[in-house]
Amino acid sequence: MIDFLASLQDYEARCSTHPSPYAKEQWLLCEKFRTLWQRGKRALDRHDWEGHLTGSGLVTDESMGQVLLTLHAKLGLWLQLGGHADFDPDLARVALRECQEESGINDLHFVNEDPSIFDLDIHWIPERKNEPGHWHYDVRFLLWAKRETPLVVSSESNDLKWLAVREAYSLTREISMHRQFDKLGEMRNSAFSR
């Protein structure tokens with residue numbers, strides 16, 4: 001099990017030392033996540049309408065040139081896979097579980113053996129049916145899978161597919177998705193320039 005506060009502190013340190021266009025914004029978000037975490041189990045309860053933690057994963061292939069995205073059934077947006085913590089404090093485990101459930105891929109791996117936070121995002125979920133609008137505090141991890149693994153579209157999705165990163169950019173206007181694609185590109189360039 002990963003220690004969320006230790007993982008958050010590590011991510012904060014990486015943001016403060018890595019010259020990226022998003023580093024300062026991400027560094028500032030760390031404090032908001034730390035404050036939410038202090039609420040204890042409430043932070044992990046999907047029915048806490050003040051806002052709650054979620055875990056998600058941007059799934060890439062071994063080359064880091066493609067990403068697996070879902071067309072979210074309720075939101076109608078192309079997004080990374082993920083979902084509610086449901087009282088599980090290990091958000092890396094939440095991300096892995098949700099990615100497996102939403103893709104049908106059981107053979108998923110964290111890009112780093114010791115899962116580290118890849119991205120943070122706070123986004124508004126609009127009101128629907130019996131749920132008021134609320135904030136998701138999404139902790140994102142980077143995972144990889146083989147593209148040839150068969151996919152299973154879950155009930156939470158209208159579609160699921162592998163996309164070249166440049167194509168993924170054109171499918172979404174979501175700034176947080178573009179930020180993740182940019183980060184993936186930086187990692188890919190760094191890995192292949194060695």
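Buried means under 20% relative accessible area, exposed means over 50%, and partly exposed is in between (1.4 Å probe, protein chains only). These legends describe a predicted model, in which local features need pLDDT of at least 70, side-chain atom pairs count only at pLDDT 80 or more, and totals for chains, interfaces and linings use all residues. Residues are numbered from 1 along each chain as its sequence is written, and side-chain values use heavy atoms, with hydrogens and water left out.

**View 1. Phe87 in its loop.**
Let's start with Phe87, which is partly exposed at a relative accessible area of 46%. Phe87 sits in the loop between β4 (81–84) and α3 (91–103). Helices (H or I, at least four residues) and strands (E, at least two) are DSSP runs, numbered from the N terminus. The phi of Phe87 is near 75 degrees, a positive value in a residue other than glycine.

**View 2. Met64 in the loop between β1 and β2.**
Met64 is found between β1 (52–60) and β2 (66–72). Met64 is not a glycine, yet its phi is positive, at about 60 degrees.

**View 3. Helices α1 and α2 packed together.**
Here helix α1 (residues 4–17) meets helix α2 (residues 23–37) at an angle of about 160 degrees, and their axes are 8 Å apart. Axes are lines fitted to C-alpha atoms, for helices over the stretch in contact, and angles run from 0 to 180 degrees between N-to-C directions. The two helices, α1 and α2, are therefore roughly antiparallel to each other. For such labels, angles under 35 degrees count as roughly parallel, over 145 as roughly antiparallel, 65 to 115 as roughly perpendicular and the rest as oblique. The crossing of α1 and α2 is left-handed, a term used if the near helix is turned anticlockwise from the far one by less than a right angle, with clockwise giving right-handed.

Which residues make the contact? On α1 they are Phe4, Leu5, Leu8, Tyr11, Glu12, Cys15 and Ser16, and on α2 they are Ala23, Gln26, Trp27, Cys30, Phe33, Arg34 and Trp37. Contact means heavy atoms within 4.5 Å. By type, the residues of this contact between α1 and α2 comprise ten nonpolar, two polar and two charged. In this grouping, Ala, Val, Leu, Ile, Met, Phe, Trp, Tyr, Cys and Pro count as nonpolar, Asp, Glu, Lys and Arg as charged, and the others, Gly among them, as polar.

**View 4. Cys15 and Cys30 without a bond.**
The structure holds zero disulfides. Cys15 is in no disulfide, and the nearest cysteine sulfur, in Cys30, is 5.3 Å away. A disulfide is taken as a pair of cysteine sulfur atoms within 2.5 Å. Cys15 counts as buried at 11% relative accessibility, and Cys30 counts as buried at 0%.

Leu8 belongs to helix α1 and is buried, with a relative accessible area of 0%. Leaving out residues up to four places away in sequence, Leu8 touches Cys30, Phe33, Arg34, Ile117 and Leu120. Glu12 also lies in helix α1 and is buried, with a relative accessible area of 16%. Which residues does Glu12 touch, not counting residues up to four places away in sequence? They are Trp27, Cys30 and Arg34.

**View 5. Ala13 and Trp27.**
Ala13 has its place in helix α1 and is partly exposed, with a relative accessible area of 39%. From C-alpha to C-alpha, Ala13 and Trp27 are 8.1 Å apart in space, while 14 residues apart in sequence.

Lys74 is in the loop between β2 and β3 (78–79) and counts as exposed at 60% relative accessibility. Lys74 and Asp88 are 14 residues apart in sequence and 23 Å apart in space, C-alpha to C-alpha. Lys24 has its place in helix α2 and counts as exposed at 64% relative accessibility. Between Lys24 and Trp49 there are 28 Å in space, C-alpha to C-alpha, and the two are 25 residues apart in sequence.
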